[in-house]
Amino acid sequence: MRQYTTLQWENTNGIAKITLNRPDAANSINLEMAQELMHAAMVCDEDSSIRAVILTATGNMFCAGGDVPSFKAAGDDVGLLLKDVTACLHSANARFARMTAPLIIAINGTAAGAGFSLAVSGDIALAADTAKFTMAYTGIGASPDGGASVYLPRLIGLRRSQELMFTNRVLSAQEALDWGLLTKVVSPENLMAEAETLASKLASGPKMAHGQIKQLLLGSYSNSLETQLEIESRGIAKCVSSPEGREGLLAFSEKRKPDFKSVS
């Protein structure tokens with residue numbers, strides 16, 4: 001397994017844990033972190049033993065967004081650098097979205113810019129009640145990246161997305177929950193326990209069905225009704241015909257809890 005410089009990586013009992021680890025730089029995303037996130041996402045997508053993924057961060061910040069000092073240092077080559085960074089970050093976004101394993105984001109602190117984008121990109125988003133959220137991009141004369149223009153309108157609608165992107169309004173964790181950006185808000189000391197408990201539950205669930213749910217939701221805004229219905233039909237048939245599906249049917253008939261991990 002590749003050794004990371006800007007991330008911490010764990011893989012235990014089918015649960016991968018990726019931790020952003022540049023606390024002295026507010027876990028901001030430089031080119032190296034973007035490259036390592038891309039690689040970690042590819043591992044999660046490729047390793048069939050991984051059944052759930054947690055993404056979190058060290059320190060008091062979740063992620064301050066892009067590494068602005070490195071952008072400034074690039075001088076006239078900043079456009080080239082940002083295309084490189086976003087190519088890697090967006091590759092990570094896409095693989096996290098399309099991998100079979102559900103992605104739990106455990107937001108331990110402030111998420112700004114691309115950190116905000118990353119924070120809301122998971123299948124489930126848990127946040128410490130001390131976390132704050134701001135787009136922040138226009139403060140440095142930039143526009144959003146990291147999937148913000150995809151996820152925010154879907155989660156909270158166009159008007160609220162416009163407000164966040166144009167004004168850089170800061171949301172508290174409770175406001176973000178009330179707006180629909182988060183799944184749950186917990187105390188900071190309980191955040192990782194909550195994420196790990198949920199990851200264990202998901203990791204014991206039906207892997208194929210989880211992957212199919214992710215595919216269905218990704219296509220729900222772009223597919224026609226007939227296309228989406230056909231994908232649903234093929235998906236449920238594939239799931240129930242699989243070893244996991246047969247185990248689910250048998251467990252239901254035997255009035256016991258299914259053991260999906262034993263057959264997948």
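**View 1. Phenylalanine 133 has its bridge partner, leucine 171, in β9.** This is a predicted model, where local features need pLDDT of at least 70 and side-chain atom pairs count only at pLDDT 80 or more, while totals for chains, interfaces and linings use all residues. Residues are numbered from 1 along each chain as its sequence is written, and side-chain values use heavy atoms, with hydrogens and water left out. Strand β8 (residues 132-134) and β9 run antiparallel, joined by two bridges. Strands here are DSSP runs of E with at least two residues, helices are runs of H or I with at least four, and both are numbered from the N terminus.

View 2. Look at strand β2 (residues 15-20) and strand β3 (residues 52-57): they run parallel, with six bridges joining them. Leucine 20 stands opposite alanine 57 in β3.

**View 3. The largest pocket has a volume of about 880 Å³.** A pocket, found on a 1 Å grid over the protein atoms alone, is an open set of points where a 1.4 Å probe fits, with protein on both sides within 12 Å along at least five of seven lines; lining residues have an atom within 4 Å of a point. The volume is the space filled by probe spheres set on the points, which are joined across faces, edges and corners. Of the 34 lining residues, Gly122, Asp123, Tyr151, Leu217 and Leu218 are the closest to the centre of this pocket. α9 gives the largest share of the lining, seven residues. The lining divides into 19 nonpolar, 11 polar and four charged residues. Ala, Val, Leu, Ile, Met, Phe, Trp, Tyr, Cys and Pro count as nonpolar, Asp, Glu, Lys and Arg as charged, and the others, Gly among them, as polar.

**View 4. The second largest pocket has a volume of about 380 Å³.** Its lining has 21 residues, and the closest to the centre are Gly66, Phe71, Tyr137, Ile140 and Ala142. Two elements give two or more residues to this lining: α2 (68-73) and α3. α3 gives the most, with five residues.

**View 5. The axes of α9 and α10 come within 10 Å and cross at roughly 175°.** That makes the pair roughly antiparallel. The axes are lines fitted to C-alpha atoms, for helices over the stretch in contact, and angles run from 0 to 180 degrees between N-to-C directions. Angles over 145 degrees count as roughly antiparallel and 65 to 115 as roughly perpendicular. Among the residues that meet here are Met208 and Leu216 in α9, and Ile231 and Cys239 in α10; contact means heavy atoms within 4.5 Å.

**View 6. Helix α10 (residues 225-241) also meets helix α11 (residues 243-253), with axes that come within 4 Å and cross at roughly 75°.** These two helices are therefore roughly perpendicular to each other. Cys239, Val240 and Ser241 in α10 meet Pro243, Gly245, Arg246 and Leu249 in α11. By class, that contact has four nonpolar, two polar and one charged residues.

Conventions: Parallel < 35°, antiparallel > 145°, perpendicular 65-115°, else oblique. Pairing = 2+ DSSP bridges.
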